[in-house]
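I opened this notebook page to record what I looked up in the chain.

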Amino acid sequence: MCGIVGYIGKRQAQPLLLGCLGRLEYRGYDSCGIAILGSSTEVYKDAVRVKELEKASPQFTGTAGIAHTRWAPHGEPSRINAHPHCDCTGKIAVVHNGVIQNYQQLRQQLTSEGHNLVSETDTEVIPHLIEKYYNGDLEKAVAAALREIEGSYAIIVSMTGEPALVVARRDSPLIIGIGDRENFIASDVPAILDHTNMVKYLEDGDIAVITPDKVIVRSGGVEIDREEHKILWSVEDAQKAGYEHFMLKEIHEQPRVIRDTLGGYISAPEPVTDLALPGTTDSKNTLILACGTSYHAALVGKYVIEQLAKTPVRAELASEFNYSGQASAGDRAIVITQSGETADALKAIKRLKDEGCRVIVITNVVGSTASRLADHIVYTRAGPEISVAATKSFIAQLIVLYWLALPYSTADVRKRGNQIRGLRQLPVKVQQVLDDDTPIMECARYLSGFDNVFFIGRGINYPVALEGALKLKEISYIHAEGYAAGELKHGPFALLGSGTPVVAIASPDNTYETMLTNIKEVKARHSPVIALAAEGDDIIGELADSVITVPQVDPIFSPVVNTVALQLLAYYTAKERDCSIDFPRNLAKSVTVE
Ligand code: AGP
């Protein structure tokens, strides 16, 4: 997820564009750049934040231009990979938000036709395709170029000597801010709210030609009128897309995040051999290492790989592994880290490599230190996660672990087909959880009055109990403990009572009956019980004080819907307690010290 902006009007474009771009850094901030249209096209870009670019960039003259702030999907953050990208003549400049699936083929074709592509990005094929088709009409050339592109895009195209900017979108957001003899283009409303609150939303397949006085939108070559909307939000509200907190916004982004993360991988049904799971090739052991929420994903990964591929997996805390863990040459190690900068995770990667292990890194940040150290990288496509409490990145990590393991499922073809279908249905199932959050709000109101809470689960949902407790701890400051349900009787029972509610995850799998017994044991010790159960469960309501219902899914996918429900429970509880949800005390988004 990147941020793009464009301006064409009567004022000097450079300061305006940089101001607008700064408002979009929540969409990505690993590199940025501008192109200003004067007598020629002047480009300045680098792997820096917008503020630094503003200081470093020469002052260009021109009343039109485009700009971009990046969250690298392809190609590390660098000056050469930053946007805008240009054609061979340097006249056509493009900024892009989205992912081009077939860019490798297009690069080969363009290179064979004599185009010189200099970056590692997918985007750079666009200006070269436009150059290929340009015959005096920029809009037509853009339309021809886009017909060759598979994937998602929102683009703004400028060209020296052209009186207009041309923009287009498919599966990426793009808005036009209508001004007085000037117009703005942006990925999102926050960018332009300082200048206008009148916007047009482009739809998929739209191409628009924008001059200072006119906006012409065509769809399928036919001119159409996109309605103008008046925006009443403040800039800050808009960055949160109208949600009160980044955390709630990021929780609601998860259906898209699952689609985007799957989008990059599931189209390749055949297992990628060099990511082959152990026991299926030469590796001896499998190790999954991580910290915090990513460690809980590692634990779910252990269950998933063991259940599907029937091969043993160790999941360990990176901070502990660094001092006492064992690994041997040839072992396969998966290190999970959202930020890619967590000190304990980086130290573990270095140690694993010293021990001769092959290291797969699952990370959300292209170009992060972890991704540089890795032997193999698998990116989650969660986009930038602003809220300290990890939510969408966790779900994206689970999706990647399912994707890694599914090709090794020992199930028969029909069952495996069902498993892949189940994975593809997860965005819809998660949307159902998000749409039905009233019962969760009620449980949160109740939970907000307590200072101690237990979360219990079994099997693949034991790590979900840990994650539910961590989310509640992090943002509501309630002392919450996640426990394997079978462990309560070995000590924590002593803490139960009317002052200590228990959240029990009772998914319809091989642990269900035992979870019902554990709930009865907890009730017998007077602890109130909030049960998390699948729709259609008409037993659990008899036992628990309240029930949070989630959609039916294949048991192996239950951690996804259960976790989303517990993220909302933590969020609404923290809201009831009036906590600073996005930036909780004493925590940092990336822990860069041991
Ligand atoms: C989770 O909400 C926390 N922000 C924290 O536990 C986090 O998961 C941990 O610091 C690991 O971060 P990483 O995934 O970026 O390595």
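Is helix α1 (residues 13-22) largely enclosed by the rest of the structure or largely open, and why? I noted that seven of its ten residues are buried, so helix α1 is largely enclosed. I counted a residue as buried under 20% relative accessible area, as exposed over 50% and as partly exposed in between, with a 1.4 Å probe and protein chains only.

I recorded that the model is predicted, that local features need pLDDT of at least 70 and side-chain atom pairs pLDDT 80 or more, and that totals for chains, interfaces and linings use all residues. Residues are numbered from 1 along each chain as its sequence is written, and side-chain values use heavy atoms, without hydrogens and water.

I listed the buried residues of α1 as Ala13, Gln14, Leu16, Leu17, Leu18, Cys20 and Leu21. These buried residues pack against β1 (3-8), β2 (31-37), α2 (50-56), β4 (64-70) and β10 (183-186). Contact here means heavy atoms within 4.5 Å.

I then turned to the whole chain. I found 20 helices and 25 strands, taken as DSSP runs numbered from the N terminus (helices H or I, at least four residues; strands E, at least two). Of the 594 residues, 60% count as buried. Among contacts between residues at least 6 apart in sequence, 71% join residues at least 24 apart.
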